[in-house]
Amino acid sequence: MSFLSYLLKGVSLGSVYAIIALGYTMVYGIAKMLNFAHGDVIMVGGYAAFTCSMTRGMAPLPSILIAMVVCTVLGIVIETIAYRPLLEAASPLAVLITAIGVSYFLQNIVLIIFGSNPKSFQSLVKIPGLKLADGALTISGETIVTILSCLIIMLILTQFISRTRMGQAMLAVSEDKGAAQLMGINVNSTIALTFAIGSGLAAIAGVLLCSAYPSLSPYTGAMPGIKAFVAAVFGGIGSIPGAFLGGILLGVIEILAKGYISTQLSDAIVFGVLIIVLLVRPTGLLGKRIQEKV
Amino acid sequence: MKNMKKALCIASAAAMAVMLVPAQAFAGEGAFHIGMIGPLTGGAAIYGSAVANAAQIAVDEINEAGGIAGFQVEYNPQDDEHDAEKSVNAYNALKDWGMQLLLGTVTSAPCIAVEAEAAADNMFLLTPSGTAVDCITAGDNAFRVCFSDPAQGTEAARYIGEHDLAQKVGVLYDSSDVYSSGIYATFRAEAQSQGFEIVADTSFTSDSKTDFSAQLQTLMDSGCDLVFIPFYYNEASIVLKQASDMGFETQWFGVDGIDGILSVEGFDTSLAENVMLLTPFVPTAEDEATQAFVAKYQESYGDVPNQFAADAYDGVYIIKQAIEQAGVTPDMDASEICDAVKVAMTEIEFSGITGDITWTADGEPTKDPIAVVIHNGIYEMM
Amino acid sequence: MKNKKLMGNLITYGLVIVAYAIVAYLLHAGRLTSLVKGLLVPICVYVILAVSLNLVVGISGELSLGHAGFMCVGAFSGAFFSKCLQDTLSFAPLRLALAIAVGAVVAAVFGLLIGIPVLRLKGDYLAIVTLAFGEIIKNVMNIFYIGLDSNGFHFSVKDQFSMGMEPGGEILVSGPMGITGTPKDASFLAGIILILITLFVVLHLIDSRDGRAIMAIRDNRIAADSIGLNITHYKLMAFTVSAALTGAAGSLYAHNLATLQAKKFDYNFSILALVFVVLGGIGNIRGSVIAAVVLTVLPELLRGMANYRMLIYSIILILMMLFNWAPRFLEWRERHLGRLFRKNRKEE
């Protein structure tokens, strides 16, 4: 029974990683860049929702919508100012470093605006939890909502990419930017759209992260961000179902490691598993095999 | 990318030129220069900002009331990002500014690095909140306002034992944090001579402090009837929420790091009902000094001050009292001031918002911890 | 061609030596502020770190996000060595030299062990695995306890009680507290000597037959493979040398502060090193030296900005990246600042 209980806890932690990882993998898949500032966009989403719902007393749904608008605009602005000029740079590392600069920037601007005191985030999820086996096992309302959101987002994203013209354009850009441009696709606006969607997802992830773990500070996004990034790599970065699978597995491994091996080494164990998986499958669980061309 | 190096060359030359300008114009201005070091940015910024803000309030009050022995106080807070290396940089920058006395550093590990430098310079150091033993051991120039880790751990174990709060105790601590693991170590050592048993010790690390459900499950399964939580209120607010979600009901016992939990914006204080803690500072205390300080802090910075702020506020007044006792003047250099003030520290009896304190020559404070319990969102004395 | 390269290398060495001479003179004349004096050794540490990471990122073409881990083992082994020999070996420069050697060797062993599996991967996957190794090293060091009493050494990876020490024994490595009280042996001169050694090793390697092989693999792995170069061998060579130098830098770092914690060496630290490399120019050793100096000094220069310090730092970082890397800015620079950079253009 305690194993089942750990497993459930792992799934609820994993669902939070998964929803963050979806945004990561989306941006990576299309723009081929590791957006280290993604975790901080999540944090901004958390603050936006906090300001709406707690300070202004708005209802949950409008709060989430406003947070999404804020993050989407933020994502587009970041992409236009900081990333786009570097997309054609001599090395892909240039944009990675700029992303780190953006990450510092977001943390510090929020620190100045909201102060360093953490905020306690009142859950925006109003659904009661599920109790199983006479209350020995519980699934919180946040977890249910998070998993459902993950599934819905996955469904919408995959449909969007495979069914719409915009989605097809994204796919084309991710395959070959130059060729896409020749086919009349506006590469810049396609990538901006990718960032807009990724950042909008970040807002949802931020709200759900803070609802499940109700402490909000300017550095809230950093560590879950990096863990979710690991989850995305784990599942095969660029693959949307991979991000979900990777997130859930990462959460389960982390909780089981804490429960049965060592709470101090749980992160080391998570990273150890990641290393083993990548050595066996160098592109992650569901990642595409890369054919080497001469 | 070769053509960038020239730009960088020019930038670095300019940088060096700026840094070479000597800042020696302070002497004889007739004001005491008090420096402060703590994390103003980064994950530990909550603690550093509290200290910087509260010290500012105290300095403003002192200057308004005519200064220390007739001399004004100049105050300069510097950021160390909770990093030992940056902390030493901040210390050196303050030396260039003309610092004569140091209030800091706020966090333990950087404090150890800075104290090694300060001891070599014979600079007076008063840490408001550096709890590790080694913070003040490098020389006789260093003192502290707060309790040390061993003092807190021992006091907490004794309190639980003597008041017979529990037979089976579980512990949850931050194993990657100096403060938390230091308190845990002495708590465990003292527990052996008390009438309770530690049935479960679980920990977390600073990299995974969002989810505590596995640890709480272990504690719940161990059947403990009290959980000792020697860490800060930021994490504690999540622990309490998750425990409540899990239906885990137990007694919680914290140390001074928990203080501040009630003023976290948006925190559901009913989660903290019946949480016990040892703290030197109670923001709801009714004495005039505390009330005036809390009101001023809230007015200036919008938050209820935590014990870091209280320690810092007292810290500035301790420096004031020690300076007056020693009879030093701002035209003396830092080393002369230190020699006189460190003797004065052992002679003064300070009475402030964190209690009545005296010091021994090794720099440790002697004061009584206050045990409080949270009822209906406010502290009550136990 | 050969001469030009030699010239370039000599300029790099000359730059370091001239910088040393100027600083030593100013130090002697008492013209340096305490802040600058305190920054000298950290600057040396970061320069070595940047140069050695550039060997992996720029010359070997692999993105490593785990160099903090090598620095961590170097720092801990060096500090541990000095702490044990503090009483027996009282001549500080020799103790420091040995401690740096210990740090380098231990880090090299880690580099070799980690390099063997990691270098089979490519691109971002390699980066994430090095990041994972770095985090594992940090996590394990964080729970490492070593004590010494009359019965010899005691180890634990849980807490200090599990070591079963006699009362009165000394705890040398204390978990999250790390190592406290390392002798402050590091000096600016030692740092400069270590920089020169690092530059010599790296520049010599680049100009050697091995270095050309490493760069050939970077530029076209399949072509290099097909002419019979042992890819694993050469990649591992660059990775291990880089790890060793980083470990040496770590040991120097540890001897400059009274306290050493594993927490410092997290992925952010590896990223910081990468920022030096990218800003200074990937594969450009002299650029790494300069970028490391500038980015170490910059946040200290901004101390006057109070709360806005790190915000301004981040903005400057973004602007510097755009200025140095964005094609549009490079074009603009070429047009308007052409005269300033013309000399360098010719060099290329």
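1. Basis. This is a predicted model: local features need pLDDT of at least 70, side-chain atom pairs count only at pLDDT 80 or more, and totals for chains, interfaces and linings use all residues. Residues are numbered from 1 along each chain as its sequence is written, while chains are lettered from A and ligands numbered from 1 in the order in which they are written.

2. Overall form of chain B. Chain B holds eleven helices and 15 strands. Helices (H or I, at least four residues) and strands (E, at least two) are DSSP runs, numbered from the N terminus. The C-alpha trace spans about 65 × 60 × 40 Å along its principal axes.

3. Packing of chain B. Of its 382 residues, 62% count as buried. A residue is buried if 20 or more other C-beta atoms lie within 10 Å of its own, exposed if 12 or fewer, and partly exposed in between; C-beta atoms are placed from the backbone. Among contacts with a separation of 6 or more, 68% join residues 24 or more positions apart. Two residues are in contact if their C-beta atoms, placed from the backbone, lie within 7 Å.

4. Strand 10 of chain B. This strand covers residues 276–279. M276(B) and L278(B) point one way, L277(B) and T279(B) the other, and all are buried. Strand 9 (residues 251–254) runs parallel to strand 10, joined by two bridges. Here G254(B) stands opposite L277(B). Strand 14 (residues 370–375) pairs with strand 10 in the antiparallel sense, over four bridges. In that pairing, T279(B) has I370(B) as its bridge partner. Two strands pair if DSSP finds at least two bridges between them.

5. The open sheet of chain B. Three strands form it, in the order 11-12-13, with antiparallel pairing. Strand 11 (350–352) and strand 13 (365–366) are the edge strands, and each pairs on one side only.

6. Strands 11 and 12 of chain B. They form a hairpin with two residues between them. Three bridges link strand 11 and strand 12. F350(B) has I357(B) as its bridge partner in strand 12.

7. Strands 12 and 13 of chain B. Strand 12 (residues 355–359) pairs with strand 13 over two bridges, in the antiparallel sense. W359(B) stands opposite P365(B), and T358(B) stands opposite T366(B). This hairpin has five residues between the strands, and G363(B) takes a positive phi near 100°.

8. The two chains together. In chain A, 33 residues are in contact with 33 residues of chain B. Several elements of chain A each supply at least two residues of the side that touches chain B, including helix 4 (93–114), strand 1 (119–120) and helix 10 (240–261). Helix 1 of chain A gives the largest share, five residues. By class, this side of chain A has twelve nonpolar, 16 polar and five charged residues. Ala, Val, Leu, Ile, Met, Phe, Trp, Tyr, Cys and Pro count as nonpolar, Asp, Glu, Lys and Arg as charged, and the others, Gly among them, as polar.
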